[in-house]
Structure formats: C-alpha cells, structure tokens
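Me: I am new to this structure. Please show me how to read it, one feature at a time.

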Amino acid sequence: MTTKTYDHRPGLLATLGRDGLIQIILIANSFIMLAPIVIMIFSAFKTNAEIFRSPFALPDFTNVTSIMKIWSGTNFPLYLLNSFIVAASSIAVILTLGTMAAYAIARYEFRGANFILLFFLAGLTLPLKLAIIPLFILMRDLGLLDTRFSLICIYVATGLPTTVFIMTGFIRTLPNELEDAARMDGASEARIMWSIMLPLVKPAMVIAGIQNAVPIWNDFFFPLIFIQKDSLKTLPQGLTTFMGEYGTDWGVLFSGLTLSALPVIVLYIILSRQFINGMTAGAVK
Amino acid sequence: MKKFVISAALALGSLASALPAFAADLTFWTWRQEDKAQYEKFFKEFNKDNPDITVKFEAFEATSYNTILSTALAGGTGPDLMMTRTYGGIESLAGAGYLMPLDKTKIPALEGFSEPALASETMRSNKTLYAVPAASQTMLVIYNKEIFEKNGISEPASWDEFLKSCEKLKAAGVMPFANGTATGWQNETIVSALTSSIMGKAFYEDLMAGKTTFNDPRYVAAIGKLKEISAYFPDGFIGLDYASAQQLFTSGMAAMFAGGSFELASFAKQNPSLKMGVFAAPSLKKEDPKLVGLFFDSGFAANAKTKSPDAALKFLNYVANKKFAQAFANDLSNVSAVPGVTFDSPLLARVAELNKQSIPYMTLVNFRYGEPTGSNLIQAGVQKLLNGQATPEQVGKSMTDGLSAWYAPFKK
Amino acid sequence: MFTTRLTGRNLWIAALILPPLAFMCLFLVYPILSAFAYAFYEWHGLARGEFIGLANFHKVLFEYPFSERTVNAFVHNIFVFFALMVLQNGVGFVLAYCLWRELPGARFHRIAVFLPVVLSTVIVAILWKLFLHPLFGVVNISLRGLGLGFLAQPWQGQDTTALTAIVVANAWHMVGFPTLVFLAGMQRIPTEILDAVRMETESEWVKVRKIVWPLVAPSATVVFTLLFVSAFNFFELPFLMGGVDGSPHGATDVLGLYFYRTAFGSMSASAENFGPGSALAVLIFLFIAILSSAITLWLRKREIQL
C-alpha cells in the first residue's frame, strides 16, 4: 500500500513545475488586477504631461494640486456626504425590517410562514431596473422624485430579499434553550427578541450589512433616474459629471476616481474576510 | 336649483381666476441651471414694469428636463411658465394639450419674427404656435485665432483652400481639428457644420419640396467631402469622445472645432484666455455662398392650465420684445430669435452675421418627428462612413430608406 | 382566553412581518406588476392613454426600426454572455483552482482578485475609458512604447473592438466573484475524496474533470445563473463607456440600454416613448425569468445525478 502511494507520487520536479505554473498564473493575474488601480492612484499625483509621457513612473506624492482641486473646487464632499446618508439610512432600515421579518419566519410557527419566505426569496431574482417606468411614476405620485427618500425606498426594497434570506438562515440555527427559559420567566416576546436573541445575530447582520452596503454605495442607475439636483447627487453619479467638466485634465479625473475608490479599498483591505463573505453570501451555501 | 349652483360656481370661479390677475405669483422652469442669476435679474426688471406679477425661477438638469416637465404637467403640478425645446420637443407637450396656444393677436411682437423661428415652435398638425422662440444655434467652424495667425492661415474661401490650411497645420505639428466621433451625436453636428455649403440651398429646397431625397448627388458629394476632411481629425478620432475633443480645442492642441455655436460659451469658460473666431465652412467654389446650419433650440411657453393666464401672457409679451431680448443676448450670450437685436460680443455678432446665409440643421429641424429619426440614421451612417464601412452613397441611401418608414415624401 | 393569547401572539408576528412586507409590495411587487400592465397602453409622455392590446409588443418585435434594434441588441447580449462565460467564469474557475493549492502568497492573491469587485461600476467605466483613450490612453501609449504602435487602436470607436473592450472591462471588474465562489466550493470538497483520487491518478486534468468539476457543481449553478441574469440586464458599463446610443452605430447597444433609450429618450436623437419601452421591459423580464429558471433547474438536475 505504502509503496503503491509512493510510486504514484509525482516527482519533485513535476510538483515544482506545476506549482511554478500556478504561481505564474496567480502573479500575472494579481498584476492585471492591481496595475490599473496603482496607475489610477499614481496618476492622481501627476500632471497631464507626466501621465502621457510615463504612466507607470512613481509620482511626486507631495503634488496634491489635482486632489485639492477635486476636494475644494467641486461638489465632491457633498456627493460623498449624500452617498453616506443614503447608504447608512438604507442599511439601517434594511437591517431593521429584514431582521424583523426573518425573526418572525424563523422563530415562530404560523400559517403562511413558508409562503412569506418564498415571497421574499422571489424578490431575489426580480430585475427591478426593468420596472423603472412604474417606479418613476410611483415616486412622482408619492412626491419623492428628486429626494433622498426615493433612493432609500428602492434600496430597502431591493435589499430586503437577500437580507431576509441570510438572517432567516442564521436565526434558525440559534438554540431554543435561552428563549424557552426566558419565556418560562414570563418575559414578553418583544423582550425576548430584543435582549436575548438580537445580540446573538450580530455576525449575520455584519454579513448582510456588507452585502447591501457595497451595491448601494456603488449604485449609479437609480440616482440617474430619480435625482436631478446637483446638491442631492451621490458619489457615482457625481463622478460622471467630472468626466464632462474635466475631460482632459486627467490628473483631476484620476484624483476624483482615486478619492472615491480609496475609502472602499482601504476598508476592504482591513476587512477583506468580511467583505468576501458578505458579498458572496447567498452564492456560497 | 342645479343651474343656480352651477352659475354660482362659475361666478365664484371667474372671481377666483380674476383675482390673481391683480397679484400673480408665477413659476418659471428651465434647464439652464447656470443662468440663474441673470434670469433673476430679468424677472426683477419684469416686476418693475408689472408690479403685480412676480416670477420665480426654478432650474432642472438638462438631460432629464423633458421627462420632469412632462411628468409635472401630466400630474397638474407644472409651472405657469417654462422654457421649451423646439420641433419634436414642442410637439410632445403641445400635442398632449399642456401648452397655451399663442398667436399674433395675443403677442403682437411675433409679427417681426422670421418664418423658421416661428416654425420651430409650431405644431405641424394644427399649425398653431405654442411658444415664443427664444434663441437660435448655428453649426459652424470655431477656430483658434492665435494658431491661425502663427501659421499664416486665414478663414478659407474655398474647399481647396480649407484642405491646404489643414495640411499646413498638420505639417507644423498642430492638430487641424479637435473633433472626435465616439460620442454618437457628434457625427451629426459635423455634417451640418462642415458640409452645409456643399449641400447648398437649392438641395434643401428641393428636398423640402419632395423633389429629391438624400440620394441626391449634392448630398452624397457633401458626405464624401466630410470623409475627405476627416483625414485632418486627430489620430484615432473615431474612438475620441466629445469631452476629450472639446478639451483638445480649449487646451490649444487643435486649431479648429466643427460644431455648434453653443460651444462658444463653454469653451470660453474652460479657457478664458482663448481667442476664438468662427467661420462658415466653404463650398467647393470660391463664388458659392458660404452657409452655416441653423436651428432654434428653445422658446418660452405658458401652461394651458395656469391660474393666471393674463399674467402669463404679459410675461410672454415681455420676452418677445426687444428690451428683454437685448439683455438675453448680452447677459447670456444667446443669439436671440427676436428681430433687431444687436450683440455686444463681436463673436456673437459674427455668428448672427453668418446666420444670414444659412440652411436649417435639417436632420434635427425636419427629420426628428418619427422613428427612426434622421438623427439616428445620420449618426450611424457617418460613424460607418468614417470607420470605412460605408460609402457616401450608402449613407444617403440608408437615410432615404430609413426615413421612408414615416416621412411621406420618401414613400414610394 | 385561548383566543386572546393567540391574538396577542399573532399581533406580534404581524407587527414584525407586515412593515417589511408592505415595503416589498409597494416598491417591488407593485411596480413590476404595473410594468406588465403599462405595456398594453398607449403613452403620451407620462400620461397613460388608450388600451391598445399587443400593439407595443408588435412594434418592438416586428416593426421597423424597432425590430431591427431589438435583434441587434439581443445579439450583443448573447455575445456578452458567452464572452463573459469564458473571460469571467472560465478564468474564475482556473484562478480558483490555483488559489485552492494554498501556495505561499495565496492570501494576497485572493485579496487582489476580489479588489475590483468592491469598486463602483462608474469608477471601472471611467478608468477603462481613460486607459483605452486613442491618444493618451495607457494601452496605446504602452503599445507605442513597446514598438507595437501598429497595434494601437481607437478601441472604443470601432465596431470590431468597442463591445469587446466593454466585456474586458467587465471581466476585470467581476472576475473575483466567480473565483471566490468556486474556491469556496472547492474548499468544501472532503479531503478523504481527494486523497482517494490522488492514489488513483496523478493527472491534474483527470482530477479536475472527474472530481473537482462535478463537486463544485452547486457553485457552478449559482455562478452561471447569476452571469446569465447580469448579461441580459447589462446596462451600466455600456451606458458609461459606449453612451446611451450604443456608439459606434449601435455596436455596443444591449437590451438594457435600448430599453432605457426607448423609454426615456435620448436627448440627441429621439423622444421618450413609454409604450414600446414597457413592452421591451416585459419581454426582457420574461426572457430572463423563464430562461434563468430553466438553466437553474437543468444545472440542479446535473448536480443530483452525479
């Protein structure tokens, strides 16, 4: 038996060759993934002439003219604030409503529970973009066009299905003992949910939060339709206006891109495990 | 009894509608966000002449203005007064009954307006005017005066001279044109800006009279010349977008930009030290008239359901008169549609001068009333032409065949 | 007493479940149902007109010039789907397999491959638009610098390269997603099975085909279905890179873009048209819904059989 395994073990050279090939593929890929981002960041510190002449060269990192132009010469800080307000409010509402629904579905037996879960799950696959005409008319009728509420409402509706899905799955795995003990002591259902169960679901909330936060933060489509006032634009939408304004002042353009990408990149590098788990949650069982 | 109630209601209603005529607050919508300060000044002037009427300015983003406006009008929350687009743009609003019909008895000053100006705000089906034409735009060639002087070039008198100047600039290491055609609609503007003179007035008249189509040799020749001069566009211009093209011109890297007079204000804003001139692209022969492409881009209209129709009419009369138009031209650099306006800016004065020899920017003016629009077809056709995938004949044919789907004179 | 207790509990459940349900109904279910209804009406701007039956559908499917544009866009979606199947899911599988070996540096490579995924499509689109700029783009500058100037192209101006450029940008943006989903699938393969295979064969290829590929079937189902949905929902990247008209001459037009342009109009060429727009939305929706369910069912069956 042992000899047999030995016979079949690939030679050292073969292993090295195979692993070498793998390393080459991985290094090449990481280079392709990172080079555009590095060029983008470098270019934010360069003048047009430098970008065109030597796009790959290290820049003088003290040259922040372009960055200052974006930060204080445009509405960039305002766009950033708008994106933050919209994303934070949406996430807060999504997690609240999503946890409520998931808790009810996962912890109580009642008629229709399965149907309601299916109803939420069906929402996972609905391409809401295609319903943009009725949504536009609905927002008009509700008087929400050109307000942040229009975005928050849409993001909550699109975020709920995945959130209910993730939270229900997680809440179902929680043990019954604590809950039953509290119920014996006469604690109200609300009390049980708030003080006993909720503290336990925090990890799932982080996952669901990230899963929603990234697409909401990055969304471009719904602001394109619902937001007209410059003072209400979100960051991705605002970026497209820079493209028109600073057509070939590429230093400024790259600064705009860098400033909007960096917060997400830094956060991602610090919390890469949570980001990856969050964004692939649902696709990975 | 019922009759009494109705007449009482009517009386009350007329009283209610009569009252605001003495003190009316009107709202005005436009897509020109950048003109806020000037409009507020205009409205203050208007208020001095009409102390009982105040006008409030509100602006929305240009790209979604149509949608916002028609939404608001459909929902009954539209403005009393508004800036409207022209041609097909006015028809979608007027056709739905949102706009107050106008005529020369309501607004006497319309008498002096040019025929093309009035046509731009008239609905074709009932021949009724729905807005006071505000401003025209001209398709022409904008050039950098300093580059022209440095290279000893002047405004070309003939097509050959035009090509020679381009050659000279290219040899001197300057891009002759800044134009790029990756942005769809830029393929339409260059046709009018560069080849209107070659098409000629007679072609346009025959086209309108139904005597010819875009297969006409005059049109095909014009498209062929466009292909010829595109040799002096930047390297890889078919992949160059609108914003980049603008910047090539304003940064002084290129000598000319074929486009609309609406570029002048934004060019000046991007580079205040730029010395610009304009000319009409020449025809093949020196003697032939040099034509620019002309269209009207905006007008002032009133809501059909405004609570203060009299006040709204007063406003429309005000904007149709020279006093307002003069300020509209000087403060906002518009080529006003009101007759007799003079221009402080020599550049605008020159544009107004060129307008005297023009043909319409026809794909926009005459062929945007059905699908596929003339704009769809010319944009696609020119992109194929410049990409080497279509001949000028094929462009003309695709226009004629495409438009025959809805344009009666082309139907066989 | 029994009933009051029950009511109390039911009330509590209702209080938990009704607000989220109401939100979903108002902003998700109602608009989608309305979208179906709207397609059967004539529209004047945003005002609904007459009921006109299937006229809008007839228009977008059979009448010039709409039918031509529908087919053109649809063909491009199909191209996008298959190109991304290779460039995104195919490459993703290979990368996942490489990462799975846990060689030194794997953690770094894993973080790197997923980094673009967290960026906004707008950033990706502008970045690639600048890189592919005919005069100043880093792609053409590099080619010229390497003495390969003849390969420099106006990438986004030629119908032969414009859509491919967008597909490549999308693959760069999203390849990390299938990679890490496949990787998670591979990591769940029990080590006993792997050890058993190692005794049978040393061919890497046989191992992948006989063991790894079948065992990551659930991941493949998810990744393929999601790609299908996103390929036929493609909008942001073509809109930002090719423009609303699908420049050049419709070479980058896809169904999502065409739907948007038909519904809301394009300032430079045509007016808004909600009727045919709604009909298109319904057709795209039905196409995606029916085919993605079929694909999922078919792939699921494959999972069980193995």
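Reply: We go through the chains, a helix pair, a chain contact and a loop residue in turn.

Me: What kind of model is this, and how are its parts labelled?

Reply: This is a predicted model, where local features need pLDDT of at least 70, side-chain atom pairs count only at pLDDT 80 or more, and totals for chains, interfaces and linings use all residues. Residues are numbered from 1 along each chain as its sequence is written, while chains are lettered from A and ligands numbered from 1 in the order in which they are written.

Me: How many helices and strands does chain A have?

Reply: Helices (H or I, at least four residues) and strands (E, at least two) are DSSP runs, numbered from the N terminus. Chain A has 15 helices and zero strands.

Me: What radius of gyration does chain A have?

Reply: The radius is taken over C-alpha atoms, and the globule rule is 2.2 Å times the number of residues to the power 0.38. Chain A has 25 Å, whereas a compact globule of 285 residues would have a value near 19 Å. The C-alpha trace of chain A spans about 80 × 75 × 35 Å along its principal axes.

Me: And what about chain B? How many helices and strands are there?

Reply: Chain B has 17 helices and 12 strands. Its radius of gyration is 23 Å, close to the 22 Å that the rule gives for 412 residues, so chain B is as compact as a globular protein of that length. Its C-alpha trace spans about 85 × 55 × 35 Å along the principal axes.

Me: How do I describe two packed helices?

Reply: Use the angle between their axes and the distance between the axes. Axes are lines fitted to C-alpha atoms, for helices over the stretch in contact, and angles run from 0 to 180 degrees between N-to-C directions. In chain C, helix 3 (residues 66-100) and helix 11 (residues 217-232) pack at about 140°, with axes 9 Å apart. That makes helix 3 of chain C oblique to helix 11 of chain C (under 35 degrees is roughly parallel, over 145 roughly antiparallel, 65 to 115 roughly perpendicular, the rest oblique).

Me: Which residues make the contact between these two helices?

Reply: Two residues are in contact if their C-beta atoms, placed from the backbone, lie within 7 Å. Among them are C:Phe81 and C:Leu84 of helix 3 of chain C, and C:Phe224 and C:Leu227 of helix 11 of chain C.

Me: How many residues does the contact of chain C with chain A take from each?

Reply: It takes 68 residues from chain C and 74 residues from chain A. Helix 1 (residues 2-38) of chain C gives the largest share of the chain C side, 16 residues.

Me: Where is B:Thr212, and how exposed is it?

Reply: B:Thr212 is in the loop between helix 8 (186-208) and helix 9 (217-229) of chain B. B:Thr212 counts as partly exposed because it has 19 C-beta neighbours inside 10 Å. Leaving aside neighbours within four places in sequence, B:Thr212 is in contact with B:Asp206 and B:Leu207.

Terms used:
Buried ≥ 20, exposed ≤ 12 C-beta atoms within 10 Å, placed from the backbone.
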